[in-house]
Amino acid sequence: MSGGNAAKWEVPLNDGKTHVVEFEHGTATGKRVVKVNGKTLVNREWMFRLVGDEIIHLGKNKIVIRVDPIPGLKYSYTLWVNGKSYENFIQNQSKILKCWTTTLNGIQYRIILDKNTQTVWINGIQEVDVRNEFVDGGAEMSFSIGGLPAVIRSNNIEERDITYILYIDDLEIKDQDVFE
């Protein structure tokens, strides 16, 4: 590949956003471009070293794009987030983030709960103020979305398994995988 997109990853971070990381690698010139959400963060022309790491920071998160040679004068591109391979990071994020999407009055909303910090985000840009309350068998986090009352109910089904259910205006919203 002499230029263009070499690799692209979707990285869900604890800020409630899924960031699109794109990497371009000019194998003849060594050119490297790193874009996050369409914004260029790294633009290096004429690098003599064609392999190695590009490091960027997104908030408190360290992102490393590793360029390694493979047989046939080709290259492999791997992403590391906070010291974990992309695959391990995604697996971990799936354990700590709970995600729902819904449309209210023609507007689509993506609601993300960080189970570790009990932080709720709407559309990845707005951290929501929640009112926490213990109830029989669990807890509730109340907030509003699109002018409607919302609550995330957590229930402790088994000793280690906690379920989270989102209700908006008393209607249950189906959850989804972080990347759907």
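Which strand holds the place of Ser 142? Select strand S14, residues 138-145: Ser 142 is there. Strands (E, at least two residues) and helices (H or I, at least four) are DSSP runs, numbered from the N terminus.

Before going on, a word on the model. It is predicted, so local features need pLDDT of at least 70 and side-chain atom pairs count only at pLDDT 80 or more, while totals for chains, interfaces and linings use all residues. Residues are numbered from 1 along each chain as its sequence is written, and side-chain values use heavy atoms, with hydrogens and water left out.

**Stop 1: Ser 142**

Stay on Ser 142. Its relative accessible area is 15%, so Ser 142 is buried. Buried means under 20% relative accessible area, exposed over 50%, and partly exposed in between (1.4 Å probe, protein chains only). Now show its contacts (heavy atoms within 4.5 Å). Leaving aside neighbours within four places in sequence, they are Asp 129, Val 130, Arg 131, Ala 150 and Val 151.

**Stop 2: strand S9**

Select residues 97-104. Six of these eight residues are buried, so S9 is largely enclosed by the rest of the structure. Two strands pair if DSSP finds at least two bridges between them. S9 and S10 make a hairpin with two residues between them. In that turn, Asn 105 has a positive phi of about 50 degrees.

Pick Cys 99. Its bridge partner in S10 is Ile 112. Cys 99 also stands opposite Gln 176 in S18. S18, residues 175-176, pairs with S9 in the antiparallel sense over two bridges.

**Stop 3: the open sheet**

Colour S5, S6, S7 and S8. These four strands form an open sheet in that order, with antiparallel pairing. S5 (52-58) and S8 (84-85) are the edge strands, each pairing on one side only. Zoom in on S6 (61-70) and S7 (74-81), joined by eight bridges. Pro 69 has Tyr 75 in S7 as its bridge partner.

**Stop 4: the cores**

A nonpolar core is a set of buried Ala, Val, Leu, Ile, Met, Phe, Trp, Tyr and Cys residues joined through side-chain atoms within 4.5 Å. The largest has 21 residues; Trp 9, Val 11, Val 21 and Leu 79 have the most contacts inside it. Among the elements that each supply at least two residues are S1 (5-12), S2 (18-25) and helix H1 (86-96). S7 gives the most, with four.

Click Val 21. Beyond four places in sequence, its contacts include Trp 9, Val 34, Ile 65 and Leu 79. Last, select Ile 122, Val 128, Ala 150 and Ile 173. They are among the 17 residues of another core, which lies apart from the largest one.
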